[in-house]
Amino acid sequence: MVLAIAGCHDSTAPGDGGTTLPPGLTLKVDPFISTGLSSPVFLTQPLNDGRIFVVEQAGRIRVIRNGVLQATPFLDISSRVLSGGERGLLSVAFHPQYATNRFFYVYFTTQTNGDIRIERFTTTTNPEVADPTTSKLIITTPHSTYANHNGGLVSFGLDGMLYAGFGDGGSGGDPLGNGQNFNALLGSLIRIDVNGGDPYTIPPTNPFVGQTNRRGEVWAKGLRNPWRYAFDAPTGLLYIADVGQSAREEVDVVLANRGGLNFGWNRMEGSICYNASTCDQTGFTPPVLDYVNPTAGCSITGGYVYRGTAIQGLQGHYLYSDYCSGFLRSFRFENGVAVDKKDWGLMMNAVASFGVDAAAEMYIMSGNTILKLAQGS
């Protein structure tokens, strides 16, 4: 596998902002970029200027302009990136004020020892090219013991804070104990303010600020490998797709402004106890959806809630896939549960990631290609 990525729910959660799937709705995936890419793992469009940015695992960010892949990389830090398996350059997040400050942030594993680094870069006065010499370290965490479970997503939240999802540190079963170690960044979703300090400050609203043996950067805990997560602005919800061990793959859905939640790893795997006949689930937030790993897949690939306009009947439905099985599935979150669960009958190869453009239309990275989600005929 090239990239093996990777209490009750709040009854006051907002509605999903969508409706029941209309009868007869079908989906298809159209080719978008079929050649020229090598292991694309992330896609985003910060400005509605015709340019889509694609992250290649080996350490490059490529530009697609008006549907055409450009030859010159936007950024190439491949000499600094340890790539292969679950390691590499794994995502990019453009600052909400990118149009004026030209800042963007990348998440990668280092060539020297595999440690995780989030760095800020600045685009030159030529918007087609970033300056690799502007690298500024924002945050790092050790990850040299094992090669897997690196997490991989850096993203700005609905509140303008920078979030990142770190895996538990690797191997199987969390031998390093990071899932429930609140003094470790690994096994966590973190939240920092890159506008309020150098290189960042810890928001005073973070749940563990000032607590002994708890990192103030930690926003949520008990994650195994949150390869992809997504914020949904219309509902204020956060969707986390957490890769399971050998039994369950899961999706957690919570209010994005609710910090301090514990999703249970490594005492829980999805909705079941991990490596035990019984376990105390007190204080853990269970998933809204999980599926059996050996039957349905091996590694969940989380997507986004669809908010585009090309497929009106899909509004408010969260889409996801699996790296091994390659299915396309969706559900809608309503009153704390997953409803309208749907398998769309589409099969793809090695689904590494989803992406959205400035119009909120959705793309899927499958092998070395990019597909665009569309309504079937």
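## Residues with positive phi

Asn-66 is exposed, with a relative accessible area of 62%. The model in which this residue is described is predicted. Asn-66 belongs to the loop between strand S4 (60–65) and strand S5 (68–69). Although Asn-66 is not a glycine, its phi is positive, at about 50°.

Asp-340, likewise not a glycine, has a positive phi of about 55°. This residue is part of strand S24, which covers residues 337–347. With a relative accessible area of 23%, Asp-340 is partly exposed, because that class begins where the buried class, under 20%, ends.

## Cis peptide bonds

The peptide bond from Asp-198 to Pro-199 is cis, and its omega is near 5°. Pro-199 sits in the loop between strand S13 (188–192) and strand S14 (218–221).

Trp-265 and Asn-266 are also joined by a cis peptide bond, with omega about 10°. The loop that holds Asn-266 runs between strand S17 (248–255) and strand S18 (268–269).

## The largest pocket

The largest pocket holds about 830 Å³ of space. It is lined by 33 residues, of which Thr-44, Ser-155, Phe-156, Tyr-304 and Val-356 are the closest to its centre. Several elements each give two or more residues to this lining, among them strand S2 (40–44), helix H1 (98–101), strand S11 (153–156) and strand S21 (300–305).

By residue type, the lining of the largest pocket comprises 24 nonpolar, six polar and three charged residues.

Conventions:
Residues are numbered from 1 along each chain as its sequence is written. This is a predicted model: local features need pLDDT of at least 70, side-chain atom pairs count only at pLDDT 80 or more; totals for chains, interfaces and linings use all residues. Side-chain values use heavy atoms; hydrogens and water are left out. On a 1 Å grid over the protein atoms alone, a cavity is a set of points where a 1.4 Å probe fits but cannot get out, and a pocket is an open set with protein on both sides within 12 Å along at least five of seven lines; lining residues have an atom within 4 Å of a point. Grid points are joined across faces, edges and corners, and a volume is the space filled by probe spheres set on the points. Helices (H or I, at least four residues) and strands (E, at least two) are DSSP runs, numbered from the N terminus. Ala, Val, Leu, Ile, Met, Phe, Trp, Tyr, Cys and Pro count as nonpolar, Asp, Glu, Lys and Arg as charged, and the others, Gly among them, as polar. Buried means under 20% relative accessible area, exposed over 50%, partly exposed in between (1.4 Å probe, protein chains only).
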